[in-house]
Amino acid sequence: MNKVLIILSCLLFLSLSLFAQNSFINFSEEEMLINGVSTNVVRSILKGDKQSVDKAWSLYIRKNFNERVKEKDDILYVNEIVIHRISDKRGDLMLYTFTDGADVSFNMAYKLGYDVYINSEKFPKEMTNMMDFAELFVSEYYSDFLPGYIKDSKKNLKKLNREKKRSEKNLKAQRKAARKNEKSISKNNKTIEKESQNISKNLGVEDKVEKSELSLRNLRTENSSLENAILQSKTSQNTSKEVIDNLEAKINALQIKKKSAQITLSQVEAKLKLLK
């Protein structure tokens, strides 16, 4: 019985670990310079854009604390606020966001005094509370943002798959045309060999020799054109293969993001449901 419980516990731990790896929910404590000041922050990388995150944050603070968020030097802040989920001490709540590639860097700080910020070394409990508070906001943000993100991902996946299908069709047609040209060259080469033999046989018959020589020139000219077409086709095929590979990479990456978004949405919905 104990062995069964141990195995089930291991499976549960493994599934939760995999779940966490696929989720967009991620937090870390970091020390960073904000406008030249060393600041301890709870950091996360969010999907979306800076404007949407900033707006969601302002609405969240107003709804839950009846406080108006102000902005100065790219920092959103609320002075002299008490957030019991973080600490019973009055402090300044600060949020610094910036565009980080295709995502948004979310950096939240709680200032207790002059250049004194909550950190895990001096305020371990409060830092844990800050992480929980940040996760609560991000959960609400994602509960609004992710349904549209998932919908757009599905739409973009359909578009990319259509483009891939067209490119694969083009590649198939290019290969077919190249094979046809190769067969024509092979056929012409046999005729060239035959005409060369005719010239050898009819050396004394001028009109027959001229006819064979003309046929040879035409066949060789045609073969030269076909060989150029094959070379161009190979270049086109390589381009098509590169396009298909790029599309395949984009499709795979977007599928992973869509799956992560679906996992994250389930995660935040479950969390918010527990809090209701």
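Residues are numbered from 1 along each chain as its sequence is written, and side-chain values use heavy atoms, with hydrogens and water left out. Because the model is predicted, local features need pLDDT of at least 70 and side-chain atom pairs count only at pLDDT 80 or more, whereas totals for chains, interfaces and linings use all residues.

**Stop 1: helix α2**

Select residues 50-65, which form helix α2. Helices (H or I, at least four residues) and strands (E, at least two) are DSSP runs, numbered from the N terminus. The 16 residues of α2 reach 22 Å from the first C-alpha to the last, close to the 22 Å expected at 1.5 Å a residue; the expected span is 1.5 Å times one less than the number of residues.

Next, colour Val53, Asp54, Trp57, Tyr60 and Ile61, the buried residues of α2. Buried means under 20% relative accessible area, exposed over 50%, and partly exposed in between (1.4 Å probe, protein chains only). These residues cover an arc of only 125° around the axis, which puts them on the same side of α2; the arc is that of the directions from the helix axis to the C-beta atoms. On the other side of α2, Gln51, Lys55 and Lys63 are exposed.

The buried residues of α2 pack against β2 (37-46), β4 (75-81), β5 (91-100), β6 (103-113) and α3 (124-201). Contact means heavy atoms within 4.5 Å.

Now inspect the two ends. Asp49 caps the N-terminal end of α2, with a side-chain oxygen 3.2 Å from the backbone nitrogen of Gln51. Just after α2, Asn66 takes a positive phi of about 55°.

**Stop 2: the nonpolar cores**

Select Trp57 again, together with Leu93, Phe106, Met108 and Tyr142: these have the most contacts inside the largest nonpolar core, which has 38 residues. A nonpolar core is a set of buried Ala, Val, Leu, Ile, Met, Phe, Trp, Tyr and Cys residues joined through side-chain atoms within 4.5 Å. Elements giving two or more residues to this core are β2, α2, β4, β5, β6, α3 and α4 (206-275). Of these, α3 gives the most, with 12 residues. Apart from this core lies another, of nine residues, among them Met32, Ile34, Tyr96 and Ala109.

Centre the view on Leu93. Leaving aside neighbours within four places in sequence, the contacts of Leu93 include Trp57, Ile61, Leu76, Met108 and Phe133.

**Stop 3**

Select β6, where nine of the 11 residues are buried. Two strands pair if DSSP finds at least two bridges between them.

- β2 pairs with β6 in the antiparallel sense over five bridges; Arg43 stands opposite Asn107 in β6.
- β5 pairs with β6 in the antiparallel sense over nine bridges; Met94 stands opposite Ala109 in β6. These strands form a hairpin with two residues between them, and Gly101 in the turn has a positive phi of about 70°.
- β7 (residues 116-117) runs antiparallel to β6, joined by two bridges; Gly113 stands opposite Val116 in β7. In this hairpin, which has two residues between the strands, Asp115 takes a positive phi near 55°.

**Stop 4: Ala134**

Finish at Ala134 in helix α3. Ala134 counts as buried because its relative accessibility is 0%. Not counting residues up to four places away in sequence, Ala134 touches Phe27, Val42, Phe106 and Met108. Ala134 and Phe27 are 107 residues apart in sequence and 8.3 Å apart in space, C-alpha to C-alpha.

Terms used. A polar contact is a pair of N or O atoms within 3.5 Å; within protein, one must be able to donate a hydrogen and the other to accept it, and residues adjacent in sequence count only if both atoms are side-chain atoms.
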